[in-house]
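Here's a quick briefing to read with the structure open in your viewer. Have a look at the fold yourself, then work through the notes that follow.

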Amino acid sequence: MKKIALIFGLLPFASFAESDAQIALNETIDIVRTHCSGVSARMEKIKKMAGIGTAVNVIGTAAGAGGVASGVVKYYTDVDMAKNMVEKAGVDALINSLKERELSAENQALLNNVIEIDPDIEKNLSALLDELKAQETLEAKQEILENRSNELQNQINTKQDKSTTLGNVRTGLFVADTATNVAGAIVSSNTVADDDFVEQIKKCTSSIDLLRNARLRVKVEDGDAADIKTMDLSQKILDKCSEYEYVNIQQINNLAKGAMVSNSIGAVTGSAATITSVLGNNKKLSDEIKSGDAKNVVEYNRMNVASNVLGGVTTAASLTGTALNASQIKTAKQILNISSECEEVLKW
């Protein structure tokens, strides 16, 4: 009787013993905790660096755009200055003609060439000629011409100063854009998920599959005898953590590498834009035109146009980097949301 009583006395304890399926489920939950914990902290760091990269590229884009804008204004300032200088050449030809008391063949030819260059110049000189015809004395004609010549020279000086200032501003802004592209490339290299992190995401995803199978085994083998608390927890983990199956951590790396390449290109073109800008600023269009060497004038113009074009490429690189960084942040936020919810339920 005592032996029978002992057996019946142990039965209640036996009913609470964990089955093999239940043990496997608990172990699998621990595996999920191991592989799926700590993802949010690592992703937060990547998101933070991508945010810094975005800020850097936004500054670079603004600087580059400002540099290109300055270069364009400089170009049109140079064009206006060149027109003033051509018009002044015509006025000075008239002054020399009056000093000789007649239009020499050389001055007449120069005046005709000047008038043919630009309709505005032709209009201005034609009006000036009409004004001269209305004057009776040679002194009055000379005064009109000298005043106009001085006026044009003042305009040339003002525009030359403006051109030089704009060139310096352009150079400074291109330097800033180049620096931000270099910084952007460095930052982007730090937003790449390392192999260890990629492997962790893979292991986390695999452990979710194990958990799903372990839970199914408990349902099949234990049925109504399954531990309700553990079954509820495993289902909540599946609800929150199974989203990892849709996470593409490689996308973070692809975007980071794209931003790094874009910024690297911007750094190279930015350096070239800066160099050509400096070379263009070392010369003055007014001096080149005065020299009478058309080759020097063409070279001056080529340098400044090249700087503007290269600056535009650099600005585009900064803009591309901004877009790629923004995409990184968006992807990182999605992963952060999943990891935060998953890790919260794993604390239970």
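Is Lys88 buried or exposed? At a relative accessible area of 15%, Lys88 falls under the 20% cut-off, so it counts as buried. Keep in mind that this is a predicted model.

**Around Lys88**
- Setting aside neighbours within four places in sequence, Lys88 is in contact with Ser149, Leu152, Gln153 and Ile156.
- Those partners have a helix to themselves in the numbering: H6 covers residues 138–189.

**The chain as a whole**
- What is the protein chain built from? You'll count 11 helices and 0 strands.
- Walking along the sequence, the pattern reads α-α-α-α-α-α-α-α-α-α-α.
- Of the 348 residues in the protein chain, 41% are buried.
- Take the contacts between residues at least 6 apart in sequence, and 88% of them join residues at least 24 apart.

**The nonpolar cores**
- How many residues does the largest nonpolar core have? It has 34 residues, and the ones with the most contacts inside it are Cys36, Met43, Phe197, Ile237, Cys241, Tyr244 and Ile249.
- Two or more residues of this core come from each of these elements: H2 (20–36), H3 (39–99), H7 (195–221), H8 (228–241), H9 (249–281) and H11 (294–346).
- H7 gives the largest share, with 8 residues.
- Zoom in on Ile237 and, not counting residues up to four places away in sequence, you'll find that it touches Ile29, Val32, Leu211, Ser242, Val345 and Leu346.
- Another core, of 10 residues, lies apart from the largest one; Ile95, Leu125, Leu132 and Leu145 are among its members.

**How H6 packs on H9**
- Two packed helices are described by the angle between their axes and the distance between the axes.
- For H6 and H9, the angle is about 160° and the axes are 7 Å apart.
- Angles over 145 degrees count as roughly antiparallel, so H6 is roughly antiparallel to H9.
- The crossing of these two helices, H6 and H9, is left-handed.
- What kinds of residues make up the contact of H6 with H9? They divide into 10 nonpolar, 17 polar and 1 charged.

Terms used:
Residues are numbered from 1 along each chain as its sequence is written. This is a predicted model: local features need pLDDT of at least 70, side-chain atom pairs count only at pLDDT 80 or more; totals for chains, interfaces and linings use all residues. Side-chain values use heavy atoms; hydrogens and water are left out. A nonpolar core is a set of buried Ala, Val, Leu, Ile, Met, Phe, Trp, Tyr and Cys residues joined through side-chain atoms within 4.5 Å. Buried means under 20% relative accessible area, exposed over 50%, partly exposed in between (1.4 Å probe, protein chains only). Helices (H or I, at least four residues) and strands (E, at least two) are DSSP runs, numbered from the N terminus. Contact means heavy atoms within 4.5 Å. Axes are lines fitted to C-alpha atoms, for helices over the stretch in contact, and angles run from 0 to 180 degrees between N-to-C directions. Angles under 35 degrees count as roughly parallel, over 145 as roughly antiparallel, 65 to 115 as roughly perpendicular and the rest as oblique. A crossing is left-handed if the near helix is turned anticlockwise from the far one by less than a right angle, and right-handed if clockwise. Ala, Val, Leu, Ile, Met, Phe, Trp, Tyr, Cys and Pro count as nonpolar, Asp, Glu, Lys and Arg as charged, and the others, Gly among them, as polar.
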